[in-house]
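Open the model in your viewer and get ready to select side chains. We will follow a few charged pairs, stop by stop.

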Amino acid sequence: MSAPPLCNITCPQCEANVNVPALQNKQRAVCPRCGYTLSIYHRNDMPASLALSLSAMIFLVLSLPFNFLSFRANGQQNSIDLPGGLNVLVEQDYVTLAIITGMATLVLPGLVLTGLIILLSCRLLSSPSPWMNTLLRWVEWLMPWSMAEIFLLGTLVSLIKITSLADIAIGLSFYAFVLFSICMSAALFYFDDTRLKLWLHNGELPQVTPLTPHVASLSIQRTWALLFTALILYIPANALPIMSTELFGSSEPNTIMGGVISLWQSGSYPVAMVIFVASIVIPVAKLVVLARLTYAVQFKELTNPGRQIRYYRFIEFIGRWSMIDVFVVAILVALIQLGSTLAIHPGPAALAFCALVFITMLAAMTFDSRLIWQQRKDSDL
């Protein structure tokens with residue numbers, strides 16, 4: 001069984017016009033110029049995505065009321081559920097960290113799932129309506145900021161970090177959150193926004209905003225402004241402590257690099273490498289690659305568009321994973337509060353690093369990838 005033909009599609013990343021035929025099961029349509037995946041067809045993908053979205057929503061709800069993690073040290077014990085962990089951050093006057101963690105791991109994933117459930121249900125049971133276009137745009141915009149799977153990895157890193165300090169117990173909510181993350185990732189895998197847009201627009205995709213000189217200039221200016229802002233934030237994010245450990249009244253601050261060194265010295269080599277790559281290598285790589293691409297498109301020095309678009313897609317995909325360190329801090333602060341015996345507090349670098357990640361994500365989003373192909377397009381005319 002094949003999907004309905006998609007006809008002509010304008011590639012959003014290079015403006016190539018592609019005539020896409022009907023796709024067979026597990027086939028995908030790829031732009032011949034830039035390699036961007038235009039559509040992927042899976043048999044019964046809409047019902048599958050809807051079922052997985054509903055399952056993810058159920059597991060998300062189940063991850064809230066039960067115990068998430070328990071921490072026992074020196075005869076003292078502390079347990080948290082997910083809402084309770086956020087409440088601990090608020091009580092410790094770390095409101096901003098609580099808001100960021102709650103929005104990225106619970107609220108935004110819940111909104112994305114709600115949007116998917118509504119859209120897919122309407123696709124299967126009703127006819128298109130104008131408000132569905134607005135809802136789809138919101139779902140697509142919120143997807144990169146939904147970071148449940150990153151929070152889960154941050155939780156695992158936190159467990160490895162504190163295993164040597166105390167006994168850790170995993171609660172029912174943790175397992176529910178794991179299943180929620182898996183189901184949500186699978187739902188997004190089966191979700192094909194291209195065919196949904198075709199249904200919403202009666203078989204014709206909406207026109208892509210043309211890449212005019214004005215649009216190109218705005219993209220370059222915004223990207224440069226965000227990159228310079230990120231560069232300024234990079235200094236305090238790495239120079240200042242990201243968290244401090246209070247043990248029997250003595251406080252020991254840790255920078256990001258200091259934490260990596262401590263993990264390496266303690267023998268946690270894989271975790272040290274994950275934190276080093278996510279928190280040190282990726283932010284630098286994003287700044288360097290985006291600055292190089294922006295400079296190249298501004299002064300028309302693009303030599304290998306195929307390779308440069310792959311660099312861009314990689315940093316656009318990987319950039320959000322730098323939030324691991326922020327989530328590690330949030331989990332440790334919420335869990336380890338045993339008075340003067342043992343307590344962990346976030347440092348000033350936590351919010352600076354969080355802002356750095358968000359600004360670099362916005363820089364990647366504001367960069368118009370069509371600029372990479374503009375020079376090639378002009379030379380073909």
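First, a term for exposure: buried means under 20% relative accessible area, exposed means over 50%, and partly exposed lies in between (1.4 Å probe, protein chains only). By that scale Lys197 is partly exposed, at 23% relative accessibility.

This is a predicted model, where local features need pLDDT of at least 70, side-chain atom pairs count only at pLDDT 80 or more, and totals for chains, interfaces and linings use all residues. Residues are numbered from 1 along each chain as its sequence is written, and side-chain values use heavy atoms, with hydrogens and water left out.

**Stop 1: Lys197 and Glu140**

Select both. Their side chains form a salt bridge at 3.4 Å, N to O (a side-chain nitrogen of Lys or Arg within 4 Å of a carboxyl oxygen of Asp or Glu). Lys197 sits in helix 7 (residues 193-200) and Glu140 in helix 4 (residues 130-142), so the pair ties together parts 57 residues apart in sequence. Helices here are DSSP runs (H or I, at least four residues), numbered from the N terminus. Glu140 is partly exposed, at 25%.

**Stop 2: Asp193**

Asp193 is partly exposed, at 25%.

**Stop 3: Arg370 and Asp368**

Is Arg370 buried or exposed? Arg370 is buried, at 6% relative accessibility. Asp368 is buried as well, at 13%. Their salt bridge spans 2.8 Å, N to O.

**Last look**

How many salt bridges does the rule give? The count is seven.

Definitions and conventions:
Helix = DSSP H or I, 4+ residues; strand = E, 2+ residues; numbered from the N terminus.
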